[in-house]
Amino acid sequence: MKADAIVVGAGIIGALAAYELRKRGLNVLLLDAGKEGAATLASAGMLAPYPEGLSGEVLEAALLGLESYPGLLAELRGLDLEVEAGFSGTQVVALSHGEQEAWGAGEPLSYPVRGARGARTFPGGYVHPGRLREALLRALAAMDTPLVLAEVERVEPGRVHGRGEEGAFSLEAPRILLAVGAWGGRFGLRVRPLKGEALVLVGPPEAQPPQPLFAGEGYLLPREGGVYVGATGREGWAPGVDLFGLRWLADYAHERFPLLEGARLREALWGLRPAGELFVGEVQEGIYAAVGHGRNGVLLAPWTAKRILELMGVEP
């Protein structure tokens, strides 16, 4: 089998890149190993360039991502693919005099927070990563580009080697994109796993924050009628949500936010963020990589897809 482009990895980076390539007429093959702990499925989907402390070219890339999402979601909506999202800004809540001065936090709070000394709202929002991925995969399937479950073991210029449901395979393509998240080290990419854990809680309607907010070491945002509470960050491949993570998240939610005191647990999530230096570029002739997005993969995905089109010489 021969394709114009093979995309390895169907997280939000790979799925969006595949979608943009297919829209431009390329015959795309999308492969994913279905790894447990894939970051997209546990991600918050926070779109917060300024509260995340980004700067320089990465901030510019993040702002492009933020600007791109309303149009992308409208495009998907036109295909009857609705994705939960909000763009009313992200609020930083100051918990000390120093934070109040550093953030210029002189606004009233949009949501009750114990110990708060003021807040500041920045341009931003959120998008549901899992629902966005589903929408992109459905749009790709409608363009005759289904997701193929397969483990890629090795790549070389013009060829991908791996193993799927029917055994070993070798596929040809002049363009290969590695969007393999925390598993990039297997392909010689400088990335390492950083496990993040989060909770989704359900409470009364007023317990859902009106917009994403950062307070101290954690954050909240709306999630399917409930509240997403994040997140831990620990190096390594250890799977699952453990007692340390569960306790930290529960204490944070219970002690910091009075409206969450009686909230019920809907779901505990975990995923492996691809930590390391952000890299979107060509690693060998015709082989491209997009790795190191850390916890800003969703925010940076539109910029990454745009950059991949440029690198591959595909008209934007």
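**Exercise 1.** Classify the packing of helix 1 against helix 4 in this predicted model.

*Solution.* Step 1: take the geometry. Helix 1 (residues 12–23) and helix 4 (residues 129–142) pack at an angle of about 30°, and their axes are 9 Å apart. Step 2: apply the cut-off. Angles under 35 degrees count as roughly parallel, so helix 1 is roughly parallel to helix 4. The crossing of helix 1 past helix 4 is left-handed.

**Exercise 2.** Describe the residues that make this contact.

*Solution.* Step 1: list each side. Helix 1 contributes Ile12, Ala15, Leu16, Ala18, Tyr19 and Arg22. Helix 4 contributes Pro129, Leu132, Arg133, Leu136, Leu137, Ala139 and Leu140. Step 2: sort by type. The contact of helix 1 with helix 4 has 11 nonpolar residues, no polar ones and two charged ones.

**Exercise 3.** Eight aromatic pairs turn up in the whole structure. Classify the pair of tryptophan 103 and phenylalanine 122.

*Solution.* Step 1: the ring centres of tryptophan 103 and phenylalanine 122 are 5.7 Å apart, with planes at 75°. Step 2: planes over 60 degrees apart count as edge-to-face, so this pair is edge-to-face. Tryptophan 103 sits in helix 3 (residues 97–103) and phenylalanine 122 in strand 6 (residues 118–122), 19 residues apart. Tryptophan 103 is partly exposed at 25% relative accessible area, whereas phenylalanine 122 is buried at 10%.

**Exercise 4.** Do likewise for phenylalanine 214 and tyrosine 219.

*Solution.* Step 1: their ring centres are 5.7 Å apart and their planes are at 50°, so the pair is tilted. Step 2: phenylalanine 214 is buried at 9%, and tyrosine 219 is buried at 6%.

Terms used:
Residues numbered from 1 in each chain as written. Predicted model: local features only at pLDDT ≥ 70, side-chain atom pairs only at ≥ 80, totals over all residues. Heavy atoms only, no water. Axes fitted to C-alpha atoms, helices over the stretch in contact; angles between N-to-C directions. Helix = DSSP H or I, 4+ residues; strand = E, 2+ residues; numbered from the N terminus. Parallel < 35°, antiparallel > 145°, perpendicular 65-115°, else oblique. Left-handed = near helix turned anticlockwise from the far one by under 90°. Contact = heavy atoms within 4.5 Å. Nonpolar A, V, L, I, M, F, W, Y, C, P; charged D, E, K, R; others polar. Phe/Tyr/Trp six-rings, centres within 6.5 Å; stacked < 30°, edge-to-face > 60°. Buried < 20%, exposed > 50% of the residue type's maximum accessible area, 1.4 Å probe, protein only.
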